[in-house]
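Here is a short briefing for a first look at this structure. The sequence and model come first, and the notes follow.

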Amino acid sequence: MGDKNYSMKEAMMFSQRIAQLSKALWKSVEKDWQQWIKPFDLNINEHHILWIAYHLNGASISDVAKFGVMHVSTAFNFSKKLEERGYLKFSKKESDKRNTYIQLTEEGEGILLALMESYEPDNNAVFSGAMPLKELYGKFPDIIEIMAIVRNIYGDDFMEIFEKSFSNIDSKFSDQDGTLKKIDPAEKEYV
């Protein structure tokens, strides 16, 4: 065993515990996600690409693949479908002819915002599963240990984009009458 600070049994049990819990959680997340976006005729990859394009504003296909945890060809092919539907536009940069960049169109941003407004927590099993913890501790689980594992696998860049998307929602959206709405910068109150 050498100088390892773990046993093989401990390592295997941890890996299998994470694998089985992740699979169970993903199955529920996938079902919730598909139900949420179904009325908008999008699949999970397409919604995720719109989300990334919104938060990265001028992302390359490589960025989309990296932050969407998908193969570059998957990111490109689904982005192409979104372009055909008028939700994205493709471009090249003078300084970077090798990469293809995507930008949300007005219609693409509109569909993403409509999706956010249509979110219903009661239809989300993962949210519902976390509610007893919120009631007990007064907040949702931080999942900081899971975030640390993901950071160690995918790196700081991944986590920075992950946090940026939620920071954007926190600062650019408000809860109005139980619906998530984008704050109009012209109407924003400055204190």
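**Helix α6 and its ends**

α6 bends by about 30° at Met131, and Pro132, a proline, follows within four residues. The bend is the angle between axes fitted to the seven residues ending there and the seven starting there. This is a predicted model: local features need pLDDT of at least 70, side-chain atom pairs count only at pLDDT 80 or more, and totals for chains, interfaces and linings use all residues. Residues are numbered from 1 along each chain as its sequence is written, and side-chain values use heavy atoms, with hydrogens and water left out.

- Helix α6 covers residues 125-137, 13 residues in all. Helices (H or I, at least four residues) and strands (E, at least two) are DSSP runs, numbered from the N terminus.
- From first C-alpha to last, α6 reaches 19 Å, close to the 18 Å expected at 1.5 Å a residue. The expected span is 1.5 Å times one less than the number of residues.
- Asn124 caps the N-terminal end of α6. A side-chain oxygen of Asn124 lies 3.1 Å from the backbone nitrogen of Val126.
- Gly138 follows α6, with a positive phi near 80°.

**Two loop residues with positive phi**

- Asp41 is not a glycine, yet its phi is positive, about 55°. Asp41 sits in the loop between α1 and α2.
- Asp41 is exposed, at 57% relative accessible area. Buried means under 20%, exposed over 50%, partly exposed in between (1.4 Å probe, protein chains only).
- Asn57, also other than glycine, has a positive phi near 45°. Asn57 lies in the loop between α2 and β1, and is exposed at 55% relative accessibility.

Technical notes. Polar contact = N/O pair within 3.5 Å; in protein donor to acceptor, adjacent residues only side chain to side chain.
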